[in-house]
Amino acid sequence: MTGNAGALDLNVGFFPSVPWVPYYGDRATWPVNLVRCESSGVRGLIERGQLDVTPMAIPDWFELEGRWKRLANWGISFRGLAGSVVFFSNEPMSQLDGADIDVCYETTTSVRVLQAIMKKKYGLRIGRWSRNLDVDDESTPRLLIQDQAVEERKRGRFRYEYDLGREWFGWIGTPIVSAVWAYRADLDPSAVAALEGLLKASMVRYRMDPLAAIGARHAEHGLPASIEEIKVLHQNFEYALSDEAELGIERMRELLEARIEGFEARQESALPL
């Protein structure tokens, strides 16, 4: 757990990757405990009682919405091009029937989006999927998100790069909402209002001078692309979710499966005969 302990006594999820920079520009002054995490780790932290407010992948929120409420309309969506949610392959996706695929650890939403696209758009069988991604492997198809996707695009090693935002929008016609901000349903309303105010202030600061906000993060932790490139990337995202994004959430509820067949197939293939 990192951050500043203060009057609010809240554990707030901190996503450090590129798309989330606008939300955390003022975080050094937030009177909360910041918990550094990735999308795929949020569910475990919640079950251990270590988060009160956090960004949450849409599939997790679908399962937890009885216990967790959305924080206003804050989240991240993309209508078409995402730029940081990319499937890389040396073969066309339509030819990857039953193929082995590597998936980065961080993804919760995008891996289910990829499964839906492969099964329901292309009619493919799902093969063995693995989280054991080898960065030096230049042959195995892979799903990468956020900083890793930006880095791989710059390497240019794979013949085909499928932006899942474009794939989804071309198929379904609605945005992908990768995550929403959510809070424990039993949280004190005054704490919820205070956290919403902090997020608003950070977004106002970002919109006033995005290059300064990105530059501050770059100086602090480094980023996988230039400050100007990150600003352009952020233009792909909607942070205050629109009515169209809300429709996108409902389409995702209909089409995304909780289980990921590829990971199950990988486990089954490892069982002794």
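Which residues lie nearest the centre of the largest cavity? They are Trp20, Ser110, Ile145, Gln146 and Ser178, out of 20 lining residues. This is a predicted model, in which local features need pLDDT of at least 70, side-chain atom pairs count only at pLDDT 80 or more, and totals for chains, interfaces and linings use all residues. Residues are numbered from 1 along each chain as its sequence is written, and side-chain values use heavy atoms, without hydrogens or water.

**View 1. The largest cavity.** One cavity of 30 Å³ or more is counted. A cavity is a set of points on a 1 Å grid over the protein atoms alone where a 1.4 Å probe fits but cannot get out; lining residues have an atom within 4 Å of a point. The volume, about 190 Å³, is the space filled by probe spheres set on the points. Strand S4 (53-57), strand S5 (68-78), helix H3 (109-121) and strand S11 (176-184) each give two or more residues to the lining. Helices (H or I, at least four residues) and strands (E, at least two) are DSSP runs. The lining holds 11 nonpolar residues, eight polar and one charged.

**View 2. A five-stranded open sheet.** The strand order is S8-S7-S9-S6-S10, with mixed pairing; a pair needs at least two DSSP bridges. Strands S8 (129-130) and S10 (160-163) form the edges, each pairing on one side only. S6 (residues 85-89) and S10 run antiparallel, joined by four bridges. Ser89 has Tyr160 of S10 as its bridge partner.

**View 3. Helices H5 and H9.** H5 (residues 164-172) and H9 (residues 243-255) pack at about 85 degrees, with axes 13 Å apart. Axes are lines fitted to C-alpha atoms over the stretch in contact, and angles run from 0 to 180 degrees between N-to-C directions. The two helices are therefore roughly perpendicular, a label for 65 to 115 degrees. Trp168, Phe169 and Ile172 of H5 meet Glu244, Arg251, Met252 and Leu255 of H9; contact means heavy atoms within 4.5 Å.

Definitions and conventions: 1 Å grid on protein atoms, 1.4 Å probe; cavity = no way out; pocket = protein on both sides within 12 Å on 5 of 7 lines; lining within 4 Å. Nonpolar A, V, L, I, M, F, W, Y, C, P; charged D, E, K, R; others polar. Parallel < 35°, antiparallel > 145°, perpendicular 65-115°, else oblique.
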